[in-house]
Amino acid sequence: MESVESGLLAIPGEPRSVPWEDHAARSFEDRMLDTGFPFPCIFGVDAVKRRTLRYCFVPIGPDRTEALGSALREFAGQCAELGKRTSLVAFFQNDPELRDLRDHERVFWALLAELMATDTAPWPAGISTDTESSTWEFSYAGVAFFVVANTAFHTTRRSRYFDYLAITFQPRFVFDDLSEQSPAGRNARKIIRARLREYDDVPPHASLGSFGDEHNREWVQYFLPDNETVVPGTTRCPVNHGIRRNIGMSGPQITTVPPVELPITLRELLPQQGSIELQHDQPGKMFTWHQHDLDEELYVIDGGMTVYWVDQDGAYHEQPVTAGARIQLPANTVHGSTAAASGCHYVIKPDGGRTAVTRFLPESQWPHPPVPPEAAR
């Protein structure tokens with residue numbers, strides 16, 4: 001098939017003038033075409049060989065969602081011409097603020113939510129608008145996509161590993177002739193599952209399913225964990241799909257619910273005008289050495305953490321805190337924290353009515369090793 005002309009999109013095999021982009025594309029192709037260690041997704045491998053795959057490269061910065069949306073709209077407009085073996089792979093410039101798998105998962109879902117909130121195209125026919133339905137799929141610019149996230153923190157589920165955050169958007173029509181009821185679909189699944197068992201250090205995830213099956217949820221397959229943890233059936237998709245459904249509204253939709261009493265402690269923490277931040281750290285969550293440009297006050301609601309810091313003389317201190325602790329944190333204090341085994345909910349009140357600017361220290365400047373998770377338990 002002849003290549004479709006691209007504007008924002010790149011074609012496999014084409015060199016890039018930006019070093020990180022060129023490295024990402026070459027690394028991806030080397031991995032997909034490695035005959036000694038075959039990649040599980042036979043359709044992705046075929047798309048690289050046919051050059052019907054498309055790439056986009058998303059630089060670091062506040063315009064990340066807009067850049068991704070522009071590329072995805074362009075791809076949506078041409079993917080049908082590219083045939084059944086196509087996808088868009090979005091490579092993201094490495095962001096030092098994304099320090100673990102949880103950070104990447106948070107950004108992944110935020111990107112999808114922001115894309116859907118700004119999409120004005122009609123919803124695709126045959127695709128449910130309920131994220132928990134077996135026939136829901138992420139949709140943008142009138143096209144439904146099965147989405148896959150890869151990160152550098154997928155070390156045992158190696159099929160989801162890549163040097164950069166990479167998000168693949170695979171058009172739903174790619175699977176039209178590959179249902180589990182068809183011989184071609186059964187054969188493809190058999191091959192892919194066998195390759196997954198060889199490629200990964202963990203078994204194929206239990207959440208992997210088929211579109212339309214009674215108990216299938218597509219979204220839980222988008223960002224798989226690096227272990228065998230399964231998303232509970234009661235957990236809703238992180239994408240706020242209600243935003244997308246309400247695009248046609250002419251104004252706010254207002255309903256009345258029972259009032260919620262604001263605890264007195266939170267009232268005290270609120271500034272005269274502005275907001276506070278409610279933070280949840282999962283068990284063992286570590287914030288390595290960093291500093292803020294504002295004075296902050298922290299109030300622990302439940303759970304706990306170990307706070308560590310260095311004083312003006314460079315002396316090291318650490319202290320476990322639990323529910324009820326109020327922490328006064330002067331601006332520019334070099335500090336960090338590790339959540340306890342129970343996790344931690346806490347409120348952050350920055351001085352000055354704005355969110356503090358945070359600077360994380362490179363490892364070469366750490367004044368002391370961070371408190372490991374086991375020490376905070």
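Analyst: Before the pockets, one term is needed: a pocket here is an open set of grid points with protein on both sides within 12 Å along at least five of seven lines, and its lining residues are those with an atom within 4 Å of a point. Please also keep in mind that this is a predicted model.

User: OK, which residues lie nearest the centre of the largest pocket?

Analyst: Those are Cys 41, Phe 146, Gln 170, Phe 175 and Ile 192, out of a lining of 45 residues, and the space in this pocket comes to about 1100 Å³.

User: And which elements give two or more residues to that lining?

Analyst: They are α1 (19–32), α2 (42–50), β4, β5 and α5 (183–199), with α5 giving the most, at five residues. Sorted by class, the lining holds 22 nonpolar, twelve polar and eleven charged residues.

User: What about the second largest pocket, what volume does it have?

Analyst: Its volume is about 810 Å³, and it is lined by 33 residues, of which Glu 277, Gln 279, Phe 287, Ile 348 and Thr 358 are the closest to its centre. Several elements give two or more residues to this lining, including α4, β6 (277–281) and β7 (286–292), while the largest share, six residues, comes from β11. By class, 13 of the lining residues are nonpolar, eleven polar and nine charged.

User: Switching topic: how many residues are in the largest nonpolar core?

Analyst: There are 39, and the ones with the most contacts inside this core are Leu 68, Phe 108, Trp 109, Phe 138, Phe 145, Phe 169 and Tyr 222. Among the elements that give two or more residues to the core are the helices α3 (64–82) and α4 (101–118), along with strands such as β1 (54–58) and β2 (88–92).

User: Take Leu 68, then. What does it touch?

Analyst: Leaving aside residues up to four places away in sequence, Leu 68 touches Cys 56, Val 58, Ala 90, Phe 92, Leu 111, Leu 115 and Phe 169. Apart from this core lies another, of 19 residues, among them Met 32, Phe 91, Tyr 164 and Ala 166.

Technical notes: Residues numbered from 1 in each chain as written. Predicted model: local features only at pLDDT ≥ 70, side-chain atom pairs only at ≥ 80, totals over all residues. Heavy atoms only, no water. Core = buried A, V, L, I, M, F, W, Y, C linked by side-chain atoms within 4.5 Å. Buried < 20%, exposed > 50% of the residue type's maximum accessible area, 1.4 Å probe, protein only. Helix = DSSP H or I, 4+ residues; strand = E, 2+ residues; numbered from the N terminus. Contact = heavy atoms within 4.5 Å. 1 Å grid on protein atoms, 1.4 Å probe; cavity = no way out; pocket = protein on both sides within 12 Å on 5 of 7 lines; lining within 4 Å. Points joined across faces, edges and corners; volume = space filled by probe spheres on them. Nonpolar A, V, L, I, M, F, W, Y, C, P; charged D, E, K, R; others polar.
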